[in-house]
Amino acid sequence: MTMTQDLLATALKLAVMLGFVLNVVPVMVWVERRGSALIQDRPGPNRLGPFGLIQPLADALKFMFKEDITPAEADKPLYLAAPVLALLPALSTIVVIPFGPNITVGGHEIPLVIANVDAGVLLFLALSSLGVYSLIMAGYASNNKFSLLGAIRASAQLISYELALTISVLAVIIPVGSFYLNDVVAYQQERVWNFIPQILGFVIFLIASFAETNRAPFDLPEAESELIAGFHTEYSAMRFASFFMAEYAAMTALSCLGVTLYFGGWSLPFVHLEGWLGAIVGFATLVVKVAICMAVFVWVRWTFPRFRYDQLMRLGWKVLLPLAILNLLLVAVMTLAGWL
Amino acid sequence: METVVFALFAFLAVVSALVVVTHKSPIYSTMSLVLTLFSMAVLFVMLGAPFIGALQILIYAGAIVVLFLFVIMLLNVEREEMPHASQPAQRWLALLGAGIFAGFLVLLFWRIGTPSGAPMSETFVSFKQLATELFRQYLLPFEMVGLLLLVAVIGATVAARRATPLEAQAGLYDPGEEPRVEGQRSAPHVNPETGLHVHSD
């Protein structure tokens, strides 16, 4: 394959995945607001369009036309850079997520993953671990005690839960024997979805991913009852919206990873489709599975009360981390015994 | 293409490393350290070692530097107060260090000779190769490093912990004077009689 064809294929794949992640944001705004309304037994936004479906558009317009305020005492360069950096990790991690079987175009086999690299899963974890910097920068640069406290909490929380998350992901990799996410999908296609043999690892992954995306019940960095809005207290207009988008993009990326690791990714059980049909069905399957995950995110947020900070730390270090290590050992032994 | 990427990230690495040592604000220094580590990771990937590159970001940029920032924010360190190189002895030591470093660099280039100019990512180290080498040939050194780190962790925990009330009573464990962090303000407005954070009624 020539370099131009290669670049063209990559650009098309990027367009598909970026289009997916960016379109999740307005849809999720609607789902979040209507979902919370459903759970709290009130109508929710229902004026614009059928079921209030056009509400996200109005929200987006409002964000764009609001006044953009920078505090006088803020650290300008960091303050302005933070919302931009917030989106980067979430949008860049999707490059390692496979979204369909290999397709053949003009005699060339093209894998349906943007970056088919050896370090797939590790690259995802590495890039997503950079997400904390935008929160720290925003909190520090705002020069506001609530923001600073939010940033300190964010850094401690993300470090604590990243360990449990990474170790539970590694446990999936052991029986597969490859960091390529496509191999993980193929492994599950042959056997069963990973969440059945690795249920402990899956629960750890689930809890840690709520903490990693700063979602309730672990939204301590922006706990509105104590910290107003935490690290983004001072932000307004589009800069605030950028943090908002980053949260949903990070949720989508982490859902993609979770679905690929534990629920067969783009594959369907008992069905093997090839070529373009397989690609379209594969992508649709991934989207549906991610949508279910996002619904769970919303459901959990509006049904669980927020953790206290010491409870959060205790859960992370004294419960999840030892459990994750235990799970890793169990999986390693089971793999050696040939049960997985 | 490759040369352009290399030049860009090599330049970024050097410039951000310079910012790390010269910038007055510790937050900016740490942020440029992240940039340095990230550029180094890109260079590692270009050298055909994606594993090292990913670990560089995951561990150093993703965890260790976050802890640096955590401490800086917790202690609320503002701009550096000491003027640079205040002690003459420091200056001589710095010169000596720079001399030794330059000597090593000269030695290195003299040994290797001129770089060959071959494309960088041609030799590609796969995970399997790396793991086989690490866990077959270098198993003993690997385990020794693990043990050393474990000892360091236990040592740090012992050094940082406080005596339990029972131990303090028996005089079994004396951690000495509580370390006071320079520049940290004690609570400014505490009324010694009431212990409340207020100036007046």
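1. Leaving aside residues up to four places away in sequence, F146(A) touches L227(A), I228(A), G230(A) and T233(A). The residue belongs to helix 6 of chain A. Is F146(A) buried or exposed? F146(A) counts as buried, because it has 20 C-beta neighbours inside 10 Å and 20 or more are required for that class. A further pairing spans the sequence: F146(A) and F231(A) stand 85 residues apart along it, yet their C-alpha atoms are 7.0 Å apart in space.

2. For chain B, the average pLDDT is 76, and 71% of the residues score at least 70. Within chain B, confidence is highest in helix 6 (residues 139–160), at 91, and lowest in helix 7 (residues 165–170), at a mean of 70. Residues 182–187 of chain B have a pLDDT below 50, and this stretch has 4 contacts in the model beyond near neighbours in sequence. Where pLDDT is low, the predicted coordinates should not be read in detail.

3. The make-up of chain B can be stated briefly. Chain B has 7 helices and 0 strands, so that, from the N terminus on, its elements run α-α-α-α-α-α-α. Of the 201 residues in chain B, 14% are buried. Among the contacts in chain B with a separation of 6 or more, 49% are between residues 24 or more positions apart.

4. How many residues does each chain bring to the contact between the chains? Chain A supplies 21 residues and chain B supplies 18 residues. On the side of chain A that touches chain B, the elements giving two or more residues are helix 4 (120–129), helix 5 (132–141) and helix 6 (145–176) of chain A. Helix 6 of chain A gives the most to this side, with 7 residues. By class, the side of chain A that touches chain B has 17 nonpolar, 2 polar and 2 charged residues.

5. Helix 4 and helix 6 of chain A also meet each other. Their axes come within 11 Å and cross at roughly 170°. Helix 4 of chain A and helix 6 of chain A are therefore roughly antiparallel to each other, since angles over 145 degrees are placed in that class. Helix 4 of chain A brings V121(A), L125(A) and S129(A) to the contact, and these meet E162(A), T166(A), V169(A) and I173(A) in helix 6 of chain A. The contact of helix 4 of chain A with helix 6 of chain A comprises 4 nonpolar, 2 polar and 1 charged residues.

6. A second pair of helices deserves attention in chain A. How do helix 8 (residues 199–212) and helix 10 (residues 237–262) of chain A cross? Their axes come within 11 Å, at an angle of roughly 175°. This angle makes helix 8 of chain A roughly antiparallel to helix 10 of chain A. On the helix 8 side, the contact is made by F202(A), F205(A), S209(A) and E212(A), while helix 10 of chain A contributes L254(A), G258(A) and Y262(A). The residues of this contact of helix 8 of chain A with helix 10 of chain A are 4 nonpolar, 2 polar and 1 charged.

7. Helix 8 of chain A is mostly covered, with 10 of its 14 residues buried. The buried residues include G201(A), I204(A), I207(A), A208(A), F210(A) and A211(A). The buried residues of helix 8 of chain A pack against helix 6, helix 10, helix 11 (275–301) and helix 12 (309–337) of chain A. Just after helix 8 of chain A, N214(A) adopts a positive phi of about 55°.

8. The last point concerns K76(A), which lies in helix 3 (residues 76–93) of chain A. K76(A) is exposed, with 10 other C-beta atoms within 10 Å. The C-alpha atoms of K76(A) and A141(A) are separated by 7.1 Å, although the two residues are 65 residues apart along the chain.

Technical notes:
Residues are numbered from 1 along each chain as its sequence is written. Chains are lettered from A and ligands numbered from 1 in the order in which they are written. This is a predicted model: local features need pLDDT of at least 70, side-chain atom pairs count only at pLDDT 80 or more; totals for chains, interfaces and linings use all residues. Two residues are in contact if their C-beta atoms, placed from the backbone, lie within 7 Å. Helices (H or I, at least four residues) and strands (E, at least two) are DSSP runs, numbered from the N terminus. Ala, Val, Leu, Ile, Met, Phe, Trp, Tyr, Cys and Pro count as nonpolar, Asp, Glu, Lys and Arg as charged, and the others, Gly among them, as polar. Axes are lines fitted to C-alpha atoms, for helices over the stretch in contact, and angles run from 0 to 180 degrees between N-to-C directions. Angles under 35 degrees count as roughly parallel, over 145 as roughly antiparallel, 65 to 115 as roughly perpendicular and the rest as oblique. A residue is buried if 20 or more other C-beta atoms lie within 10 Å of its own, exposed if 12 or fewer, and partly exposed in between; C-beta atoms are placed from the backbone. pLDDT is the predictor's confidence in each residue, from 0 to 100.
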